[in-house]
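This report describes a structural model, moving from its sheets to its ligand shells, its chain interface and its salt bridges.

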Amino acid sequence: MDVRSQISMVFHLDKCIGCHTCSIACKNIWTDRKGAEYMWWNNVETKPGTGYPTKWEDQDIYKGGWEKKYRGIGLKGAGRRKGLFNIFHNPNLPVIDDYYEPFTYKYLDLIESPDMDDQPTARPVSLITGKPMDIKMGPNWDDDLSGTPDYARHDPNMKGLSPAEQEALFQLEKMAFFYLPRICNHCLNPACVASCPSGAIYKRGEDGVVLINQEVCRAWRMCVTACPYKKSYYNWDSGKSEKCILCYPRIESGHAPACMHSCVGRIRYLGVMLYDADAIQDAVSNTDDDKDMINFHLNVILDPHNPKFIAAAKKNGIPDSTIKAAQDSPAYKFVKEWKIALPLHPEYRTMPMLFYVPPMLPVMASLTETNNKAQAEKMDPKAKVWDDNWLYDTSTEDLWGTIDEARLPLQYMANMFSAGDTKTVRDVIKKLMAVRFYRRWVTVGDVTEEKTNTILKEAGLTAEAADEIYYLTALAKFDDRFVIPAAHREQALEMMEFTGDAKGSMGFGFKEPPKRGL
Amino acid sequence: MDILNTFLFIGFPYIAIAVFLIGIIYRYRYSKFTYSSLSSQFLEGRRLYWGSVPFHWGILFLFFMHLAAFLIPDSIIAFNRHPVRLLVLEIGAFMFGITVLFGLITLFVRRINNPRLMPVTSKMDITLELLLLTQVVLGLLLAFTTRWGSTWFASVLSPYLFSIFTFQPDITAVSAMPLLIKLHLIGAFLIFTLFPFTRLVHMLVLPLQYIWRPYQRVLWNWPRKKVRDPKTVWTRFRPKNN
Ligand code: SF4
Ligand code: SF4
């Protein structure tokens, strides 16, 4: 057993309002530079939709992630053989048009335009060539456009849905969509690390952050292909690949990453998880069935309260403060204790350490057909024509029934969060519904205690757990959402350099080993 | 004439070697960030295939053939003793030369025609491209005009190059060579001189270690068990990540 600690994250999708504040916070700090303008280390997608880069989930196109081989696993589009053989031209590399051509506007034209009859305009210009261009794609071009034929219909997660189910998703009246914020998952079995021929990408042992050493990267661009989440980006100007660094300078000094800190919906949680590094190899290669991956994945994560694991962690040099952080970790609670957060596309077998609480809202209510005539007559005919006969139905009679009649089919969620296994997603949604039902009993009181208890039991929750879930979902304060292990400021310098070198140095403003001159 | 020959075939090669060695080491130590293949595939991927692949495989072959003629001239001459083998080798090498030429021209046209590529094209890139193009054309021409280069290279030029590397330069043979061959040699020295200042340095960091290193890489800023070792006062373990 080799116990290590990992900074892990949970995004609660029900709470995401799709405001993109997170993306902007990240962009302002890290990627507002030449060559990186098109990169969104944090991006928010509308689902169903094609995402960024377009159709990134379709690994028949992008060839990302691991796949099961005869024995063990292998990289789908990179790896030793493919990586070295294709080093002169990588056939699976996305190009800039798969993301979008970065642009700006000639704002100065507005100010410097001479006096004339027409309003001056600020023309869009390409940030690559500097020439005027027609904008065909942009960041979040498909924002909120889920129902339109261009986007939702091409969502790779639609597979396994019957044509009728798919069609229902595109009906304006029935349409449902949600937002999916994505950052690098800082995987336990990162495909990007494995694919890098130079060995420039590495996982930090102390906190599991996956980084690219800019001095070692040689632009072989295999990581861009290998990361199934397309979260390793190629900087076309500097000729180096870059990726989300989980704001490690902020984490080291005890701050939440910028995207998490700024999140308006407060959907983001961050905490430490302990895992057994020795178990990873078996976990990713043992099963042929993608659906088992979630269980294998979760089994690698260790219970931070178990004395055996604590002892093993201490033996490995994990500080007490980190173990304490692991015990208080909101991520651990969501993922392991309550089991209501799932990894995105576990079938890629990278073991992502960013987990999602699947959205319930489109599931919770169904649309029933009713006669809305009486309602329609009350309306001012000039103000609005009320002619549809749908009712947003939240009745509590047939509790679990709404899951299957949900406007966003369960199969769709399952394709995203559990390799197509509807049972896993269903169990999660049941728990989330049970918590709502329980709160309805507590606050509104229009349901019976007996029924509440049955439902909690059926979902596999206790009243205490429901209270805790409710607290962490709805009321949690900053310090509950982000449990960052003590930064050990006394060691912060040592993380970057050997302090013994500087001992005995003198002066301010420069540091040099006190070495005798020649 | 003698002075010119002495400079071109004794002075220049030594300058080239010195600049090459000092240049690559200095650049690696003080500007490691700039060691990159600077791939532009991300901006344009389809045409690159028709340029980059023939160019790279072709030049790799030619490079190793030149190296072989220099390092093991006797074996090459022995190999060529049989006319069929000589013919196969010569035609093969010529085809690879054509491949490189095709690749270089494709790459050049691609660079110039695609406005997206101009921002990532430096003056040095153009210089290098033209230099390589000249060198390949010279090589093809002299392979065509002065036949059976694999043999005469091994018997005439290899001893000359060898004399350079053993610091006993002997240019009598080279001075008598036709102009084309002299130009090809000078081109080679020029490429070596420019090498540290171009993107060519990426060939020095060809990631062969990938073949034997384990897939996953985990780095500890400190070897975590040793840094806490109470038995030692002065740790000798340096952080690994920079
Ligand atoms: S999400 Fe992609 S870039 Fe991030 S660690 Fe996983 S494989 Fe690497
Ligand atoms: S800031 Fe938060 S709520 Fe807004 S889009 Fe990002 S994740 Fe969603």
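In this predicted model, strand β1 (residues 3-12) of chain A runs antiparallel to strand β12 (residues 268-276) of chain A, and 9 bridges join the two. Helices (H or I, at least four residues) and strands (E, at least two) are DSSP runs numbered from the N terminus, and two strands pair if DSSP finds at least two bridges between them. Within β12(A), Val272(A) is the bridge partner of Ile7(A). β1(A) is also joined by 4 bridges to strand β15 (residues 354-357) of chain A, and this pair runs parallel. In β15(A), Val357(A) is the bridge partner of His12(A), and Leu354(A) stands opposite Met9(A). These strands belong to an open sheet of 5 strands in the order β13-β12-β1-β15-β14 (chain A), with mixed pairing. Its edge strands, β13 (301-302) and β14 (342-343) of chain A, each pair on one side only.

Strand β1 of chain A is mostly covered, with 10 of its 10 residues buried; buried means under 20% relative accessible area, exposed over 50%, and partly exposed in between (1.4 Å probe, protein chains only). In a regular strand the side chains alternate between the two faces of the sheet. Val3(A), Ser5(A), Ile7(A), Met9(A) and Phe11(A) point one way from β1(A), while Arg4(A), Gln6(A), Ser8(A), Val10(A) and His12(A) point the other way.

Residues are numbered from 1 along each chain as its sequence is written, and chains are lettered from A and ligands numbered from 1 in the order in which they are written. Local features need pLDDT of at least 70, side-chain atom pairs count only at pLDDT 80 or more, totals for chains, interfaces and linings use all residues, and side-chain values use heavy atoms, with hydrogens and water left out.

A further open sheet, of 3 strands, includes strands from both chains: its order is β9(A)-β8(A)-β1(B), and the pairing is mixed. Here the edge strands are β9 (210-212) of chain A and β1 (218-219) of chain B, each pairing on one side only. Strand β8 (residues 201-204) of chain A and β9(A) run antiparallel and are joined by 3 bridges; Ile201(A) stands opposite Ile212(A) in β9(A).

The shell around ligand 1 includes Cys184(A), His186(A), Cys187(A), Cys192(A), Val210(A), Cys227(A) and Lys243(A); a residue is near a molecule if one of its heavy atoms lies within 4 Å of it. This shell divides into 8 nonpolar, 2 polar and 1 charged residues. Ligand 2 is surrounded by 14 residues, of which the closest are Cys16(A), Cys19(A), His20(A), Cys22(A) and Cys263(A). The shell of ligand 2 comprises 9 nonpolar, 4 polar and 1 charged residues. Ala, Val, Leu, Ile, Met, Phe, Trp, Tyr, Cys and Pro count as nonpolar, Asp, Glu, Lys and Arg as charged, and the others, Gly among them, as polar.

At the chain interface, 51 residues of chain B are in contact (heavy atoms within 4.5 Å) with 64 residues of chain A. The two chains bury about 5,400 Å² between them, 56% of it on carbon and sulfur atoms; buried area is the accessible area (1.4 Å probe) that two parts lose on being put together, summed over both. On the chain B side, Phe42(B), Arg116(B) and Tyr210(B) lose the most area to chain A, together 16% of what that side buries.

A salt bridge is a side-chain nitrogen of Lys or Arg within 4 Å of a carboxyl oxygen of Asp or Glu. The count over all chains is 18, and 2 salt bridges cross the interface of chain B and chain A.

| Arg116(B) | Asp97(A) | 2.9 Å |

Arg199(B), in the loop between α8 (179-194) and β1 of chain B, and Asp125(B), in helix α5 (residues 123-145) of chain B, are 74 residues apart. Both Arg199(B) and Asp125(B) are buried. Salt bridges that share partners join Lys47(A), Glu57(A) and Asp155(A) into one network. Asp155(A) is buried at 3% relative accessible area, and Lys47(A) is buried at 0%.
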